[in-house]
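Colleague: I'm new to this one and have just opened it. Could you walk me through a few spots?
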Amino acid sequence: MPEPNHLLRAARHRLPSPGAPGEHASRAEVASAVNQWLWRETGKRYELDAHYLAKLERGVARWPNAAYRSGLRHVLAAQDDAALGFRPPRRADRGPTPAPSTVTSPQWDAELVAERATAVTGDDLTPPTRRTVLAGAATLMGAALAGELEPFLRPTVVGHGRGTAFTAEELESAEQLTATLRAWHTRNGTLARTAVVAQLNTHTRRLRAAPQGTPETLRAFRIGAELADVAASMTWDAAQHSTAQRYFILSAQLAHAAGDDALAAVALASLARQCYDLGHPDDGLEIIQLAQYGTRRTATPRLRAVLATREAWAYALRGDARAFRRTVGLAEDHHAEGVRDIDTVTPSARSLDEAELAGVIGARYRDLARFDASHARPAQEYIARALALRDPTRVRNQVFDLIGLARAHLITREPDRAAELVLRALPLAGTWTGGRVGTKLRDFHREAAPFMTVPAVRDAREAVSTLIAC
C-alpha cells in the first residue's frame, strides 16, 4: 500500500475554502486555483483536477511535473517541494543507473558542467570496448530523466576558475566554425560526427580553465551548447539514442550555464522529440512542460511556437485529437507573430519557417491518423504544402516530407501515389539512410505490405530493400 502524503493533505486543510466559509479548500478548489495561477504565469492552459490531487494525497503519485509542483507551492504557501511531501522516486524505481559521467549535482554547477562535457566527449572519442558499450547502452526514462533535468528551473552555480580568458578572436572563430559544422550536417550529411565531438572536447577543455562568470566565458558556454546540440542531432540521426540523449542534456546544461534559457529550451525540445521517437510520449510531454515553464516570461513567439509543436506531438501519439488541435492552433498563432532579432541565434526558432511548421504539423496529423484515419487528409495537405515551400538545399527535410506523405497516402489507400513519392525520396536519401531516414523507410516498407499486389508498391518496396536492410 502506498504511504499517504499527510503533508500535502494538511497543507490543503490549512487553506480556507473560497466558496464555503469556515471550511477548508476542497481538492477541486485547489486544482482550479493552481490552473488559474499557471494560466496567469505562463499563458498556457493546464488541467490539474481533483482526481489527480487525490492520487497525490493518497501517495499513489509522489512527483507531479514541474509546473504542478510550482503551482501547488504557490497556492498552498509552501517553501519547497519537501514541505508538500513531494520527493522523486527512490533510485530503485528510476530505471538504469546512469554512468558516472552523467550524474549531476542538484544545481547545475558551471565548472562541473564543463568538466562533464570534457568527460563525455573524451569517452566518446575513445575506441569502445565491450564494457564501455554495455555501460552506455541504456537511455534514461521516467523519474530518472525528470530528475536529471529538474535543475533547469534553478540558477546555475558559478565558480571562479583560473587561467586565461577567451579572446574575442577565439570566440568569433569558434562561432563561425560551429555555424559551418551545423550547415554541413543539415545540408548534406557528409560531416563526420567525430569532428564535431573533437571540437567540443577541445573547446570544453579550454572552457574549464577560463575565469568563470565573465561575458567571454558565458559566450563560450553558449558555443559549447551549440556544438553539443550538433553532436546530439548527428548521433540521433544515426539512431545511437543513449549517446544522443547525453549530448542533448549536455547542450541544455551548457546553455543554462551560459544564461541562455531559450537555447536550453531548444535542446530540451529536441530531447522531447527523441522521447517521442522512442515511444515515450509522457516523458516528452513532461520535458516540454519543463521548457515552457522555464521560459514562460522570456520566450519569443517563435520559441513558443516550437515548444507548442513539440507539445502537440505528445497529444498526437496519445490519440488526443482535441488537445492536439488546440495546441497546433497555438503554434500557428505564435508563428504568425513573426520573428524577433534574438530568434536568429536560436536553433529551431530560426529554422521554424512556414515550410518546417507545415511539415511538422502534417507529420503529427499522420501520427493521429493511426487512431482515426480521417486525420490522414489534413496530414497530406500540410506535408504537400511543406514540400512546395522547402528550400531546395534542405534535402534531408524533403526526404522526410516525401516519406511522410507516402505513408499518409497508404492510410487513405492510395498505394500508387505512395509508391511514387517514396521512389522520389530514394535518390535523395544518400548518406542519411543509416539512421532516422532508414527507420522511416522501414516504416513505409512495413506499412506498404498489405498492398503488395499493386505493381508500383512491389517495385517501391524492392527498391527500399535494395537501399537498406528491411
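Colleague: Which residue does R350 form a salt bridge with, and how far apart are the closest N and O atoms?
Modeller: Bear in mind that this is a predicted model. In it, R350 forms a salt bridge with E226, and the closest N and O atoms of the two are 3.9 Å apart. R350 lies in the loop between α15 (321-336) and α16 (354-368), whereas E226 lies in helix α10, so the pair ties together parts that are 124 residues apart in sequence.

Colleague: Is E226 buried or exposed? And what about R350?
Modeller: E226 counts as buried because its relative accessibility is 9%, while R350, at 38%, counts as partly exposed.

Colleague: What about R182, which residue does that form a salt bridge with?
Modeller: R182 also pairs with E226, and there the closest N and O atoms are 2.8 Å apart.

Colleague: How many salt bridges does the structure hold?
Modeller: The structure holds 30 salt bridges. Another one of them joins E447 to R446, with the closest N and O atoms 3.7 Å apart. E447 is partly exposed, at a relative accessible area of 27%, and R446 counts as exposed, at 52% relative accessibility. As for shared partners, salt bridges join R182, R222, E226, D229, D260 and R350 into one network.

Colleague: Changing topic, where does R62 lie, and which side chain of opposite charge is nearest to it?
Modeller: R62 lies in the loop between α3 (50-58) and α4 (66-75). R62 is buried yet has no salt bridge, and the nearest side chain of opposite charge, that of E3, is 4.3 Å away. The cut-off for a salt bridge is 4 Å, which is why a distance of that kind has to be checked against it.

Colleague: What lies 2.2 Å from a polar atom of the R62 side chain, then?
Modeller: That is the backbone oxygen of E3. Leaving aside neighbours within four places in sequence, R62 is in contact with E3, P4, N5, L56, G85, F86 and R87.

Colleague: L56 is in that list. Which residues of α1 and α3 make the contact between those helices, and at what angle do they pack?
Modeller: Helix α1 (residues 6-14) and α3 pack at an angle of about 125°, and their axes are 7 Å apart. That angle makes α1 oblique to α3. On the α1 side the contact is made by L8, R9 and R12, and on the α3 side by L53, L56, E57 and R58.

Colleague: Back to the loop between α15 and α16, what is the phi of S348 there?
Modeller: S348, which is found in that loop, has a positive phi of about 75° although it is not a glycine. Most residues other than glycine have a negative phi. S348 counts as buried, since its relative accessibility is 18%.
Modeller: A77 has a positive phi too, of about 55°, and is not a glycine either. A77 is placed in the loop between α4 and α5 (110-125), and at 69% relative accessibility A77 counts as exposed.

Colleague: Last one: where is T433, and is it buried or exposed?
Modeller: T433 is in the loop between α19 (415-429) and α20 (436-447), and T433 is buried, with a relative accessible area of 14%. Neighbours within four places in sequence aside, T433 is in contact with G438, L467 and I468.

Definitions and conventions: Residues numbered from 1 in each chain as written. Predicted model: local features only at pLDDT ≥ 70, side-chain atom pairs only at ≥ 80, totals over all residues. Heavy atoms only, no water. Helix = DSSP H or I, 4+ residues; strand = E, 2+ residues; numbered from the N terminus. Buried < 20%, exposed > 50% of the residue type's maximum accessible area, 1.4 Å probe, protein only. Contact = heavy atoms within 4.5 Å. Lys, Arg positive; Asp, Glu negative; His and termini not counted. Polar contact = N/O pair within 3.5 Å; in protein donor to acceptor, adjacent residues only side chain to side chain. Axes fitted to C-alpha atoms, helices over the stretch in contact; angles between N-to-C directions. Parallel < 35°, antiparallel > 145°, perpendicular 65-115°, else oblique.
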